[in-house]
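The exercises below are meant to be worked through with the sequence and the model side by side. Try each task before reading its solution.

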Amino acid sequence: ADVELWHGPDNTPTKMRVYAENGLLRPFSATVETPRGPNTIAVRNIGQIEFPIAADVIADQVQNPSPECLDSFTTIQGGALRTYPFDPSVDSVQV
């Protein structure tokens with residue numbers, strides 16, 4: 001999957017590519033610091049449609065992945081894009 005942080009007045013993305021063969025056995029979790037200004041996290045499944053991923057983004061005052069983040073997710077089919085916009089006041093998000 002590609003994880004992108006879109007921020008700033010020119011929306012320059014900061015990108016991360018994540019690969020996991022078995023997300024149930026070895027899930028990926030990250031805390032992304034968000035600079036001031038309008039921000040958006042985008043999660044793009046670059047795999048085939050036969051390989052959906054489960055993803056969730058939780059915003060505001062994040063220190064470590066919370067049980068709420070670990071227990072909730074959204075399926076993103078192969079080739080699909082899901083974005084999670086949030087306010088400029090948000091300091092960090094969970095992906």
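Contact here means heavy atoms within 4.5 Å. This is a predicted model, in which local features need pLDDT of at least 70 and side-chain atom pairs count only at pLDDT 80 or more, while totals for chains, interfaces and linings use all residues. Residues are numbered from 1 along each chain as its sequence is written, and side-chain values use heavy atoms, with hydrogens and water left out.

**Exercise 1.** Find the place of asparagine 39 and decide whether asparagine 39 is buried or exposed.

*Solution.* Start with the strand: asparagine 39 belongs to E4, residues 39-44, where strands (E) are DSSP runs of at least two residues, numbered from the N terminus. Next, take the relative accessible area, which is 1%, so asparagine 39 is buried (buried means under 20%, exposed over 50%, partly exposed in between, with a 1.4 Å probe and protein chains only). Finally, leaving aside neighbours within four places in sequence, list the contacts of asparagine 39, which are Leu5, Trp6, His7, Thr34, Pro85 and Phe86.

**Exercise 2.** Locate the one salt bridge of the structure and describe its two partners.

*Solution.* A salt bridge needs a side-chain nitrogen of Lys or Arg within 4 Å of a carboxyl oxygen of Asp or Glu. The side chains of arginine 17 and aspartate 2 meet in this way, at 2.7 Å from N to O. The pair links distant parts of the chain, since arginine 17 lies in strand E2 (residues 12-17) and aspartate 2 in strand E1 (residues 2-7), 15 residues apart.

Note on methods
Helix = DSSP H or I, 4+ residues; strand = E, 2+ residues; numbered from the N terminus.
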